Amino acid sequence: MAVTDPVPVTDLETVAVPEPYDGGTPRTPARDTVAHEGILRRQCARESSARTYARALPIVPVRARGLTIEGADGRRYLDCLSGAGTLALGHNHPVVLEAIRTVLDSGAPLHVLDLATPVKDAFTTELFRTLPPGLADRARIQFCGPAGTDAVEAALKLVRTATGRSGLLAFTGAYHGMTAGALEASGGAQDVRVTRLPYPQDYRCPFGIGGPRGAELAARWTESLLDDTKSGVPQPAGMILEPVQGEGGVVPAPDGWLRRMRTVTERRSIPLVVDEVQTGVGRTGAFWAVEHSGVAPDVMVLSKAIGGSLPLAVIVYHEDLDVWPPGAHAGTFRGNQLAMAAGAATLAYVRENGLAERAATLGARMLDQLRRLSDEFPCVGEVRGRGLMIGVELVDPEGAAPSSTEFADDPLFAGASAPLPAAPQLAAAVRDACLQRGLIVELGGRHSSVVRLLPPLTITDEQAAAIVDRLTDALAAVARARHHQS
């Protein structure tokens, strides 16, 4: 089979061929292509220039099941974007569809603001059953607007209200959403009320050393900033962090550093807000990513997978912070009954079937296989991740950071590592080559140079192997093309 052929149905989930587009006229490849291209043209003419995924992924999904998407042109793809991590069980999982149908067939109201319903009660009960020890028994929940960024806004408002302070601590490389407050705490912010702290990482360590020593220096910088009376940083309302930075390039926080941040904030009466929008519901190999380090935060920001593919966002927080008066935080669409039903079904399925443990095992195997690529392809700078949240950073093997040569003889910088320059164009070429081979991936990282994999937690061993094979083949093709051009 040629690498650009559609994914064989025998290898993956069977995806039904879509119904005819009009009047029962049989579909033909030519008709498929015309419909596909027409939809894309109309999208380009009508939609905002702010659209993102549609630019890099010119496909028109019409059917989907599990890992597989079928486009209007008849091609099938392995979806390793999964709604940016929303689809923990993949597309149209039977337990999710059944939960939605049950609510629809019951006659239950679909819009209830923040009124209590059996569906909401079932969702909240299942969610609290999964919360980290130390939080579940003294937790409160606030249903927010439908997106993760809405929950971030609620969390920031909560800690500011509870502490009476306004400043925030956030980290370089962070991504918390696209609304004003969430952007302010993200890595690309401009005018801010946020103090930016170093997030530890190995390949691009801000201190040039990586490993435990780099994490130690990052922690010491944080402590010094908070305790130095002349640092210019007043007592903040809270610290917000991601246990694994997703959009920042799939950078897992070291467990010891995360425990240190918990100690730092606890001793100084600073609420710790953990953004688990993308890392939650088994994605990293634990139900919640903070469980790897044994940390119980003061506030957890949750969205994406908790809605079972439908819009849902909440914050769960320690009852001591629950000082809001009635109406202090509201939202018209915080009572999404279908999302709560789909979310409860998803949470239960992940918990009952050990999918977090499965993600840990399968993710470790995929990471091990992908890390071998750095031996074969000099353009692979680092492969990193946790569970089924994986990133492959592409670099320019012929480039060099100026500091690696400019200060090579200075003993002050002896032993400091200088990573190769990021290669965003190379990463984009790999993403495009993956799409040609029926594999959907997207990019992240500081320079959009990290190829990201977020497959459903339900993938089989065979599907995981197919993902690695297609990505490897795409890398090889791009590396060959680059070699011929040079």
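## Helix α14 on the sheet

In this predicted model, helix α14 lies across strands β14, β16 and β17. Its direction is at about 160° to that of β16.

## The sheet

The sheet is open and has four strands, in the order β13-β14-β17-β16, with antiparallel pairing. Its edges are formed by β13 (380-386) and β16 (442-444), each of which pairs on one side only. From one strand to the next, the twist averages 30°. Helix α11 (residues 355-371) also packs on this sheet, where it touches β13, β14 and β17. The direction of α11 makes about 175° with that of β13.

Strands β14 (residues 389-394) and β17 (residues 450-453) run antiparallel and are joined by four bridges. Across this pair, Glu393 stands opposite Val450 in β17.

## Packing of α14 and α15

Helix α14 covers residues 424-436, and helix α15 covers residues 461-485. The two helices pack at an angle of about 130°, and their axes are 8 Å apart. Because of that angle, α14 counts as oblique to α15. The crossing of α14 over α15 is right-handed.

On the α14 side, the contact is made by Leu426, Ala429, Val430, Ala433 and Cys434. Their counterparts in α15 are Leu471, Ala474, Leu475, Val478 and Arg482. Sorted by class, the contact between α14 and α15 holds nine nonpolar residues, one charged residue and no polar residues.

Technical notes: Residues numbered from 1 in each chain as written. Predicted model: local features only at pLDDT ≥ 70, side-chain atom pairs only at ≥ 80, totals over all residues. Heavy atoms only, no water. Axes fitted to C-alpha atoms, helices over the stretch in contact; angles between N-to-C directions. Parallel < 35°, antiparallel > 145°, perpendicular 65-115°, else oblique. Left-handed = near helix turned anticlockwise from the far one by under 90°. Contact = heavy atoms within 4.5 Å. Nonpolar A, V, L, I, M, F, W, Y, C, P; charged D, E, K, R; others polar. Pairing = 2+ DSSP bridges.
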